[in-house]
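Biologist: I'd like to learn how to read helix packing in a model. Could you walk me through it?

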Amino acid sequence: MDLHSHGAFKFPKAGLVASSQERGWSGVAAELRCHPPGELPAIVPTQMEITIATRRSPGAYVSRKGAGQRQRTAVEAGTVWFCPVGVAEDDIVISGALHDILHIYLPVERFAHMADLYGDPRIRADAVRYLADVDDDLVRQLGLAIGRELQAETSAGRMLVEAASLSLVARVAQMYGHDRPERAEAGEAASTCQARIRRVTDFIRDNLDRDLTVAELAEVACLSPFHFSRMFKAVTGSTPHSFVSAARLEEARRLLSRTAAPLGEIAHRSGFSGQSAFNIAFKRATGCTPGDYRRQQNPQ
């Protein structure tokens, strides 16, 4: 069962508000759903599912049973549930209508990659505990960042989602596995860090029209994705996705002011899937639409 068909099977009566199916995301999927009251079919998931209530549903509860545990949880804004790989859920009941529930699916391969990276076989998707009402602000904020990108695409959104999903896997494996992995990476000299990151920033500027990923940038730096993200922020003051987004918007401004290229072409060269998403992100960043910006830079 692939990541998106899981949601269709588990939530056959739920309304689908937004889906990442056509976004081209790698290694993670997300859905925003509205759930009617009722029972859900029994399921044994083949991927890690993290569920987050993005808003309160007054008086509503989710009752579920898995791994020999019965859980009953009020649905408040920010409530988090874990449904790990291999845990049979055979009794799930929703007491009242739930709106804007975010479901994030992480494949087994994400956990296996981390286990290989750190040489720690204890890191497994099926080692995560079956938990409800998880009080973890980092998990919550990472999940909500993915949810925001799901609802409003940004120029470097795929990078943001990839970085957030890697961080989610790291956090879940660290805090909620049956065994906590030990830290396996050490720091490097500041001069080496700066040289590696400078190589990456040059690569980004030379490839703004391509679909860049954190994994690819980490490979340019000869670092693991986890170590790379931390080092990049320490050297540049920005996360990789923020840096790419800013660089793409700067390139878009340059093309708008210095060329007569059509807006759709500029959107594509700036890393957007289409002109509509480009218009929204550009206006959010600059306060005006691309067309208005071009007219301001080239008054008749």
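Predicted model: local features only at pLDDT ≥ 70, side-chain atom pairs only at ≥ 80, totals over all residues.

Biologist: What describes two packed helices?

Modeller: Two packed helices are described by the angle between their axes and by how far apart those axes lie. Here, helix 3 (residues 137–151) and helix 4 (residues 157–176) have axes 9 Å apart, at an angle of about 155°. An angle over 145 degrees counts as roughly antiparallel, so helix 3 and helix 4 are roughly antiparallel to each other. Their crossing is left-handed.

Biologist: Which residues of helix 3 meet helix 4?

Modeller: On the helix 3 side they are Leu138, Val139, Leu142, Ala145, Ile146 and Glu149. Their partners in helix 4 include Leu160, Val161, Ala164, Leu168 and Arg171. By class, this contact has ten nonpolar, three polar and two charged residues.

Biologist: How should I read the spacing along a helix?

Modeller: An α-helix has 3.6 residues a turn, so residues three or four places apart point the same way. In helix 3, the buried residues include Val139, Leu142, Ala145, Ile146 and Glu149. Besides helix 4, the buried residues of helix 3 pack against several strands, among them strand 1 (15–19) and strand 9 (98–106).

Biologist: And how are helix 6 and helix 7 oriented to each other?

Modeller: The axes of helix 6 (residues 214–221) and helix 7 (residues 225–236) cross at roughly 80° and come within 9 Å, so these two helices are roughly perpendicular. Val214, Leu217, Ala218 and Ala221 of helix 6 make the contact with Pro225, Phe228 and Ser229 of helix 7. That contact has six nonpolar residues, one polar and no charged.

Notes
Residues numbered from 1 in each chain as written. Heavy atoms only, no water. Axes fitted to C-alpha atoms, helices over the stretch in contact; angles between N-to-C directions. Helix = DSSP H or I, 4+ residues; strand = E, 2+ residues; numbered from the N terminus. Parallel < 35°, antiparallel > 145°, perpendicular 65-115°, else oblique. Left-handed = near helix turned anticlockwise from the far one by under 90°. Contact = heavy atoms within 4.5 Å. Nonpolar A, V, L, I, M, F, W, Y, C, P; charged D, E, K, R; others polar. Buried < 20%, exposed > 50% of the residue type's maximum accessible area, 1.4 Å probe, protein only.
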